[in-house]
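Please keep the sequence and the coordinates at hand.

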Amino acid sequence: MDHFLYRNGHLHAEDVAIAEIAEAVGTPFYVYSTATLERHYRLFKDALEGIDNTVCYAMKANSNQAVLTLLAGLGAGMDVVSGGEYARAIAAGCPPEKIVFSGVGKTRAEMEMALRGGVRQFNVESEPEMRALSQVASDLGVTAPITIRVNPDVDARTHEKIATGKSENKFGIPIARAVEVYAEAARLPGLEVVGIDVHIGSQLVELEPFEQAYRKVADLTRTLRAEGHDIRRLDLGGGLGIPYARSNSAPPLPTEYGALIKACVGDLDVEVEIEPGRLIAGNAGLLVTQVIYVKEGEGRDFLILDAAMNDLIRPAMYGAYHDIDPVVETSPGTDQRPYDIVGPVCESGDTFARARDMPPLAAGDLVAFRSAGAYGAVMASEYNTRPLIPEILVKDDQFAVIRARPTFDEMINRDILPKWL
Ligand code: LLP
């Protein structure tokens, strides 16, 4: 169910008109739907019903404290990849026993922070990291629960920058070496092996790569158990893709993904964890922006928006496609025309779409980028000294600013002049 629909010709987020929010906070801004976030979390819970499971939201997708508090309130665990994300999870009220610490380069300080505060497990990604964690835990006189992330050498068939499960990627240990590495883990002080972790990439639009990876992990579970390890937990990562373009076929649904998980590991008597990020937050958010100018170019027209690559970097970084809709609904039969849709930042990479068919638009019109709730605000920067844009959360007919736009003074005053200037 889409909670961003036109009503009487005006785009709404749940029961709030987008134009009303624009009026109140100015553009550009991100807006998120509570109902969508809740629904997406529940889709995963329902899909895994019948097996012992924890859905650990990968907060890297959207770590606004209000979003985290909402999800933690529904019972979600959290997948964190930095001390900062760990602190956010705790501040959002997520119980430490539901926080999974992932990431390829955890520092000793981060390990110590999570060991002191409590953690469900560390997903260890290399032998040096495993030895460091052993030392940190031993020095604190505690035991660190761990899984080891294995790299199954599976092609996730997604964008190269977000594929993680091939042997050439920096993630995890080669699955072929798992027996050896688990043996060392069992010998090291301060560590307790609790399971296996795998994550092969993001925005996967087919189930087959998951199946290949999960079957390898199921085999490894049997092998490691035969070696005497108590493998009782499988972290199966995130990565299920979302539909970005209305015109494309939709990726598999969480129910199908859940059924696959059950088919691959359901007979192993394990706790299952998953770490979805994009599917929970992606289609729960829009980026709303205003047309500043329509510029006639050589053989093409440009729509110059007040949002730019610093606000939403996905198109510039991955060539990502986002549907872009006018906030005032186009009447049926209106002729579309192609525009290059760009931001005001001083580089040609600041292009959201080329030759995109849109209804005729004029300066002052609002447009909304769909599927912008994940990897949007979190990847934003203040490049060109453009303030980080506000984030808004809608619930039914209410909306609230959940991160305010900083003033120019606030931005400037974050810098510190040395005493000699
Ligand atoms: N678990 C681990 C260990 C991860 O590295 C990731 C994502 C996830 C879970 C969540 O994956 P998801 O369910 O969101 O696909 N900035 C990129 C995406 C980077 C994904 C990084 N890792 C983008 O905008 O497409």
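Tyr-32 has a relative accessibility of 1% and therefore counts as buried (under 20% relative accessible area, with exposed over 50% and partly exposed in between, using a 1.4 Å probe and protein chains only). The model is predicted: local features need pLDDT of at least 70 and side-chain atom pairs pLDDT 80 or more, whereas totals for chains, interfaces and linings use all residues. Residues are numbered from 1 along each chain as its sequence is written, and side-chain values use heavy atoms, with hydrogens and water left out.

Tyr-30 is likewise buried, at a relative accessible area of 0%. Eight aromatic pairs occur in the structure, a pair being two rings of Phe, Tyr or Trp (its six-membered ring) with centres within 6.5 Å; planes under 30 degrees apart count as stacked, over 60 as edge-to-face and the rest as tilted. The ring centres of Tyr-30 and Tyr-32 lie 6.3 Å apart with their planes at 20°, so this pair is stacked. Because Tyr-214 belongs to helix 8 and Tyr-257 to helix 9 (residues 254-265), the pair ties together parts 43 residues apart in sequence. Helices (H or I, at least four residues) and strands (E, at least two) are DSSP runs numbered from the N terminus. Both tyrosines, Tyr-214 and Tyr-257, are buried, and together with Phe-44 and Phe-210 they form one aromatic cluster.

A nonpolar core is a set of buried Ala, Val, Leu, Ile, Met, Phe, Trp, Tyr and Cys residues joined through side-chain atoms within 4.5 Å. The largest such core has 101 residues, and Tyr-214 is among those with the most contacts inside it, as are Tyr-57, Met-78, Phe-122, Leu-236 and Ile-261. Helix 8 (residues 208-226) supplies the largest share of this core, seven residues. Domain 1 (4-31 + 282-412) and domain 2 (103-274), whose bounds come from an automatic or database domain assignment, each contribute at least three residues to this core. Beyond its neighbours within four places in sequence, Phe-122 is in contact (heavy atoms within 4.5 Å) with residues including Phe-101, Met-111, Leu-133 and Ile-146. A second, separate core of 17 residues includes Ala-13, Val-25, Val-31 and Val-288.

Met-78 directs attention to strand 6 (residues 77-80), where Met-78 and Val-80 point one way, Gly-77 and Asp-79 point the other way, and all are buried. Two strands pair if DSSP finds at least two bridges between them. Strand 5 (residues 53-58) runs parallel to strand 6, joined by three bridges, and Ala-58 stands opposite Asp-79. The path from strand 5 to strand 6 passes through helix 3 (residues 65-73) in a right-handed β-α-β crossover; right-handed means that, with the strands pointing away from the viewer, the path from the first strand over the helix to the second runs clockwise. Strand 6 also pairs in the parallel sense with strand 7 (residues 99-101) over three bridges, with Asp-79 opposite Val-100. Strand 6, helix 4 (residues 83-91) and strand 7 form a right-handed β-α-β unit.

A separate topic is the antiparallel open sheet, in which three strands follow the order 1-2-3. Strand 1 (6-7) and strand 3 (16-17) are at the edges with a single partner strand each, so one side of each has no neighbour in the sheet. Two bridges link strand 2 (residues 10-13) to strand 3, and Ala-13 stands opposite Val-16.
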